[in-house]
Protein chains: 2
Amino acid sequence: MRPNSQLSGVLHVLLHMAEQDGPATSDMLALMMQTNPVVIRRIMAGLRERGYVRSEKGHGGGWTLARDLATITLRDIYDSLGSPSLFALGNRTENPDCLVEQAVNAALDTTFREAEALLLSRLGDVTLAALSADFHDRLQRRKRSRKGQTRHG
Amino acid sequence: MRPNSQLSGVLHVLLHMAEQDGPATSDMLALMMQTNPVVIRRIMAGLRERGYVRSEKGHGGGWTLARDLATITLRDIYDSLGSPSLFALGNRTENPDCLVEQAVNAALDTTFREAEALLLSRLGDVTLAALSADFHDRLQRRKRSRKGQTRHG
DNA sequence: TCTCATGTAACTTTTGATATTACATGATGG
DNA sequence: CCATCATGTAATATCAAAAGTTACATGAGA
């Protein structure tokens, strides 16, 4: 698995949960995501704290969505994961004595803060409902293209 | 040293080179950057290919700037490093068969591409000369504040 | 009360970045 | 020339963060 693909991963999980009736167990989700159930539980813990999902123990237990997808944005999910650093580039040192380094850091910090603000703002604009709608669009398109193939082939 | 601080590091090195007469050896720069000379050479190799710096072997050799700092942008330096991935977050899988994953990837890709465009554009606006000027400002301010301390203390 | 499922701490593995070693190439000064 | 200095680069080692795994505790049904 790629590094830092948690956001991508959780979104995948959540959309699948939306498609299915009843709770999904960590084992099922882990199988879907080709990872370990414990990893799923760890990731979902943050979402549960914020009330986006619920978990039930015992027979018939598992994970269920606790909110309408239209009320959850990608930004919410990102924050639930602990707002991990968005950027792969960092400063060599923080709070350096060297004035050269201070000048470098200041320039880079400004730039990256701007980009971060844009990113977070955009993530805040996209709801899980929008993602789900896009998924259903793709489903329709695939069905139609399959029918087309059959008719002409 | 922090991960992926190459950009920050090279900028630091370049500004220091601008302050000094004559070539700077990899050993000197490595000492300044608290790293290994070989790391310096590796990083500088990309800059040399693009003509931003020159290297000379033998006695009195080392690294020198080959261009006016006003003609080099942070974007140029970033590209010289091989345009490493800017973001710490990635997609779980590329080109997935799963339509859910496709929808997720599409949403994230759009968002990150936008942020990347903004970032690169901003990096292209800042010249090394501007960074150097900021450094000299800081130098003046520090001097003044030191004088002030002496006078009042 | 047995099984199923989550909750979590501890540990191991993997991976990417960085640092180091070793040796080759080329330039300069005596 | 040749000893020395400096870069050039491949190969290797180290390190830290992320991901995965194991082990065991807790709680909810059937």
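This is a predicted model: local features need pLDDT of at least 70, side-chain atom pairs count only at pLDDT 80 or more; totals for chains, interfaces and linings use all residues.
A polar contact is a pair of N or O atoms within 3.5 Å. By that criterion, a polar side-chain atom of B:Arg41 contacts a phosphate oxygen of DNA strand D at 3.4 Å.

**Surface near DNA strand D**

- DNA strand D is surrounded by 28 residues, and the closest are A:Asn4, A:Arg42, B:Ser26, B:Arg41 and B:Arg48.
- By class, this surface holds 13 polar, eight charged and seven nonpolar residues.
- At least two residues each come from α3 (37-49) of chain A and from α3 (37-49), β1 (53-56) and β2 (62-65) of chain B.
- The most is given by α3(B), which supplies four residues.

**Contacts with backbone and bases**

- Sugar or phosphate accounts for 59% of the atoms of DNA strand D within 4 Å of the protein, and bases account for the rest.
- A polar backbone atom of B:Ser26 lies 2.7 Å from a phosphate oxygen of DNA strand D.
- A base oxygen of DNA strand D is 3.2 Å from a polar side-chain atom of A:Lys57.

**Aromatic pairs**

- Over all chains, the whole structure contains three aromatic pairs.
- One of them joins B:Phe87 and B:Phe112 edge-to-face, at 4.9 Å centre to centre and with 70 degrees between the planes.
- Because B:Phe87 lies in the loop between α4 (74-80) and α5 (99-125) of chain B and B:Phe112 in helix α5 of chain B, the pair ties together parts that are 25 residues apart in sequence.
- B:Phe87 counts as buried at 11% relative accessibility, and B:Phe112 also counts as buried, at 11%.
- Ring pairs link A:Phe87, A:Phe112, B:Phe87 and B:Phe112 into a cluster.

Conventions
Residues are numbered from 1 along each chain as its sequence is written. Chains are lettered from A and ligands numbered from 1 in the order in which they are written. Side-chain values use heavy atoms; hydrogens and water are left out. A residue is near a molecule or strand if one of its heavy atoms lies within 4 Å of it. A polar contact is a pair of N or O atoms within 3.5 Å; within protein, one must be able to donate a hydrogen and the other to accept it, and residues adjacent in sequence count only if both atoms are side-chain atoms. Ala, Val, Leu, Ile, Met, Phe, Trp, Tyr, Cys and Pro count as nonpolar, Asp, Glu, Lys and Arg as charged, and the others, Gly among them, as polar. Rings of Phe, Tyr and Trp (its six-membered ring) pair if their centres lie within 6.5 Å; planes under 30 degrees apart count as stacked, over 60 as edge-to-face and the rest as tilted. Buried means under 20% relative accessible area, exposed over 50%, partly exposed in between (1.4 Å probe, protein chains only).
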